Amino acid sequence: MINSSFGKIPKFLPDTVLNLSKIVKEDKRSNVINATVGFIRDESGEIFIPKVVQQAWKQVKIEPATYLSPKNEYEWLGAEDFIQGALHLILEKTKPEDVASLGTVGGTGAVFSFLMFYARIVKKPEILLSSPTWPNHTGICEHLGYKIKTYQHAHDHQYNFEAHAQAIKKQSAGSVVLFHSARTHNPSGVNPTKHQWKELAKLMSDKVAFFDAAYLGLDTSVTEDSFAFNHFHEQGIPTAVAVSFSKNAGLYNQRTGILLLPQKDRKQALGLQRMLNALARIVYSSPPAQGERVMAQVLSNSQSRSQWQAELEEMNLTIQKRRAIVAEFMPRLGFTSKQFGLFSMLPLNLEQVVELRHKYGVYLTDSGRINLGGVTTKQIPILAESLSRVMNGK
Ligand SMILES: Cc1ncc(COP(=O)(O)O)c(C=O)c1O
């Protein structure tokens, strides 16, 4: 414990990921590779902001305005055209009026909002998380008093279906099971196939499925990546989806996210919506506006929607190409070419991760997670050379 003007407070270390970003910036060596936080870089090393999003920024007026508040009979909290656009694209088969939706403070806000909501309606909430998972999942669940269970998500660099299925079966009725959508699991890069999603759905009849869709469109396409949660909802499983527009639209600092809770009918959705609005009101009052306006513009017509999809697909191909090149340079890391999304876990201990930083200016997170979305093709030979030296103890 340490002292503050408010009394004794627990000792916190600096956030490792944010702290690393600072350290990387201060590293003035010429060949620094930053594969830590989940930024996506294009092949010229610039942060990936789809061109269609850049155009939308120009089309949308930036002006002081009033709060984003419900304007329609469904009482969605957020910019109506943003919510409508997201609903049509992401929950294609569900009627928009059957969905309770919140514009949130990024994907993190969407994750927090749902878990806060569920902790309000269930006395002793329980949740199943993958191990490893995005550290904020654990942090948020601990903060909200969830009883957390975990299972080993990957075995031998592949998705561990058996462990996942067994763990779901053991969870009590009413427990939340948190899934990462599509194959873009953070940090492992492996997740169920379509067939396996269908098998998992069969185990979920008395559970609550919560999908974190922070990388929507960064596996195959927004529609394809939305398969699992649409399927779960169609099977009658209570399903919630937290979507982030940080990576897929380059809106990191606009904090643009959405929480989608599809219901049986409009009456259910409206009741739920009013509770969500009341909870959002006490936490953040109303969502940040500018990112929602930009996304609304992108989602407003079929041409810009298709352009967005096409740009995401191109980026996905680029990342898959990077993965293939890593495997070519380092056959022992060949497993990375069979994984998806930004991340993979490399078989490195902390000492090796630290050596990579100090000797070679190659930055991964402490766990050995690499962000291949952030490494350009040109950087891969240097990355491979540094990794080889460290892994061979040279
Ligand atoms: C799995 C996962 N969920 C949620 C988020 C949060 O997204 P946002 O930056 O939009 O809050 C991230 C971001 O790193 C993530 O990796």
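Q: Before we start, what kind of model is it, and how are residues numbered?
A: This is a predicted model, where local features need pLDDT of at least 70, side-chain atom pairs count only at pLDDT 80 or more, and totals for chains, interfaces and linings use all residues. Residues are numbered from 1 along each chain as its sequence is written.

Q: OK, which domains does the chain have?
A: The assignment gives domain 1 (12–38 + 304–391) and domain 2 (52–300). Those bounds come from an automatic or database domain assignment. The centres of domain 1 and domain 2, taken over C-alpha atoms, are separated by 26 Å.

Q: And how many residues of domain 1 and domain 2 are in contact?
A: 20 residues of domain 1 are in contact with 23 residues of domain 2. Contact here needs C-beta atoms, placed from the backbone, within 7 Å.

Q: Which element gives the most to the side of domain 1 that touches domain 2?
A: That's α12, with nine residues. Helices are DSSP runs of H or I with at least four residues, strands are runs of E with at least two, and both are numbered from the N terminus. On that side of domain 1, seven residues are nonpolar, nine polar and four charged. For those classes, Ala, Val, Leu, Ile, Met, Phe, Trp, Tyr, Cys and Pro count as nonpolar, Asp, Glu, Lys and Arg as charged, and the others, Gly among them, as polar.

Q: Switching to the ligand: how many residues surround it?
A: 13 residues do, and the closest are Gly106, Gly107, Thr108, Ala214 and Ser244.

Q: Now strands. Is β9 buried or exposed?
A: Five of the five residues of strand β9 (residues 176–180) are buried, so β9 is largely enclosed by the rest of the structure. Buried means 20 or more other C-beta atoms within 10 Å of the residue's own, exposed means 12 or fewer, and partly exposed is in between, with C-beta atoms placed from the backbone.

Q: Which way do the β9 side chains point?
A: Val176, Leu178 and His180 point one way, and Val177 and Phe179 the other way. In a regular strand, side chains alternate between the two faces of the sheet.

Q: What does β9 pair with?
A: Strand β5 (residues 126–131) is joined to β9 by two bridges, in parallel, and Ile127 stands opposite Val176. With strand β10 (residues 208–213), β9 pairs in the parallel sense over five bridges, with Val176 opposite Val208. From β9 the chain crosses through helix α7 (residues 194–202) to β10, a right-handed β-α-β crossover. Pairing takes at least two DSSP bridges. Right-handed means that, with the strands pointing away from the viewer, the path from the first strand over the helix to the second runs clockwise.

Q: What about β5 and β6?
A: β5 and strand β6 (residues 147–152) pair in the parallel sense over six bridges, and Leu129 stands opposite Thr150. The chain goes from β5 through helix α5 (residues 135–143) to β6, and that crossover is right-handed too.

Q: And how do β4 and β12 run?
A: Antiparallel, joined by seven bridges, with Val105 opposite Thr256.

Q: How many residues of α11 are buried?
A: Nine of the ten in helix α11 (residues 290–299). The buried residues pack against α2 (51–59), α3 (80–90), β4, β12 and α12.

Q: What's the phi of Glu75 and of Asp156?
A: Glu75 has a positive phi of about 65° although it is not a glycine, and Glu75 counts as partly exposed, with 16 C-beta neighbours inside 10 Å. Asp156 has a positive phi of about 55° and lies in the loop between β7 (154–155) and β8 (158–159). With 6 C-beta neighbours inside 10 Å, Asp156 counts as exposed.

Terms used: Near = placed C-beta within 6 Å. Contact = placed C-beta atoms within 7 Å.
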